[in-house]
Amino acid sequence: MAEESDPFECRLTFLSLLQKLNASQQSIHKVASYAMRHRKLSEDLYSCLIEVLEQASTNARLNIIYVLDAIFSASQKSNFTGYIELTRPDLPRIIHAVVANDAKGVVNVPNTQKIINHWKRKGLFESHILEEAEKPLLEREQSSNTTSTNESFSKQDILRRMEEDRERHKRMKEEIWIRPPEEAKNAEFEEFWKSIDKLNPDVDYDQMMFENRQKLPYYAWNAVFTQKTQ
């Protein structure tokens, strides 16, 4: 049973899983599941994550942050905050590691930004912590405008990266529809509502009339919109 597992043995097993980690959903889920099964040893396993992260290749570092995301999702479902609390003070350090200050680190910026946006939607961390963590992303984006990243990768590296990004995108596409269990009933609606621009009568009514005429060309749309604007 997980409760009786030897900490040293768990560390070795977890390190082995991390070293074999790839971008597939199955691999990420396997590592995250192990971390959750042995969450009583969360401090030990978290230290393994950080240790491997700082020694890993560019692609492997991105895989590890996706593992963290999977662990956080599982933690929310289990009402376990241990891994999130452990990550909170280290978040800027983690993001710095994933988007290292070199030509290869730049390619991790878009996916890392997606992860941070995902954490924002879930409310995992305070806004000021995420803002601090995002700073290296902005710095790397600016540097990428003046630096060619393709020169740092072989054709094989680029093709492998494209395939791995497809795998990561699958996971994010699934996760985006999973809402925190404790959130308010209308939280998702409110989130999308706030993202919509306010009505601009000078432009929006004309656009709505055009769309409606496309659908029902013989309806008296002019009369409807005249009443709305009076």
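**Figure 1. Phe 72, Trp 119 and Phe 125 come together as one aromatic cluster.** This is a predicted model, in which local features need pLDDT of at least 70 and side-chain atom pairs count only at pLDDT 80 or more, while totals for chains, interfaces and linings use all residues. Residues are numbered from 1 along each chain as its sequence is written, and side-chain values use heavy atoms, with hydrogens and water left out. To read the ring pairs, keep in mind that rings of Phe, Tyr and Trp (its six-membered ring) pair if their centres lie within 6.5 Å; planes under 30 degrees apart count as stacked, over 60 as edge-to-face and the rest as tilted. Across the whole structure, the search finds five aromatic pairs.

**Figure 2. Phe 14 and Tyr 34 form a stacked pair.** The ring centres are 5.9 Å apart and the planes meet at 15°, so this pair counts as stacked. Phe 14 belongs to helix α1 (residues 7-19) and Tyr 34 to helix α2 (residues 25-37), so the pair ties together parts that are 20 residues apart in sequence. Helices (H or I, at least four residues) and strands (E, at least two) are DSSP runs, numbered from the N terminus.

Figure 3. Phe 72 sits in helix α4 (residues 58-78), whereas Phe 125 is in the loop between α7 (109-122) and α8 (127-144), so the pair ties together parts that are 53 residues apart in sequence. Phe 72 has a relative accessible area of 1% and is buried; Phe 125, at 7%, is buried too.

**Figure 4. Arg 39 lies over the face of Phe 80.** The distance to the ring centre is 5.9 Å. For this label, NZ of Lys or CZ of Arg must be within 6 Å of the ring centre and within 35 degrees of the ring normal.

**Figure 5. Helix α6 lines up its buried residues on one face.** In α6 (residues 91-98), the buried residues are Leu 91, Ile 94, Ile 95, Ala 97 and Val 98. Looking down the axis of α6, you will find them within an arc of 160°, so they line one face of the helix. The arc is that of the directions from the helix axis to the C-beta atoms. An α-helix has 3.6 residues a turn, so residues three or four places apart point the same way.

**Figure 6. Thr 112 is a buried residue of helix α7.** The relative accessible area of Thr 112 is 0%. Which residues does Thr 112 touch, not counting residues up to four places away in sequence? They are Leu 62, Ile 65, Ile 95, Val 98, Val 99 and Leu 137, where a contact means heavy atoms within 4.5 Å. Thr 112 and Leu 62 are 50 residues apart in sequence, yet their C-alpha atoms are 7.4 Å apart in space.

**Figure 7. Arg 61 is a buried arginine in helix α4.** The relative accessible area of Arg 61 is 16%. Leaving aside residues up to four places away in sequence, Arg 61 touches Leu 53, Glu 54, Gln 55, Ala 56, Ala 97, Val 98 and Ala 100.

**Figure 8. Cys 10 and Cys 48 are too far apart for a bond.**

**Figure 9. Asn 79 has a positive phi, near 55°, in a residue other than glycine.** Asn 79 is found in the loop between α4 and α5 (82-87). With a relative accessible area of 66%, Asn 79 is exposed.

Definitions and conventions: Buried < 20%, exposed > 50% of the residue type's maximum accessible area, 1.4 Å probe, protein only. Disulfide = S-S within 2.5 Å.
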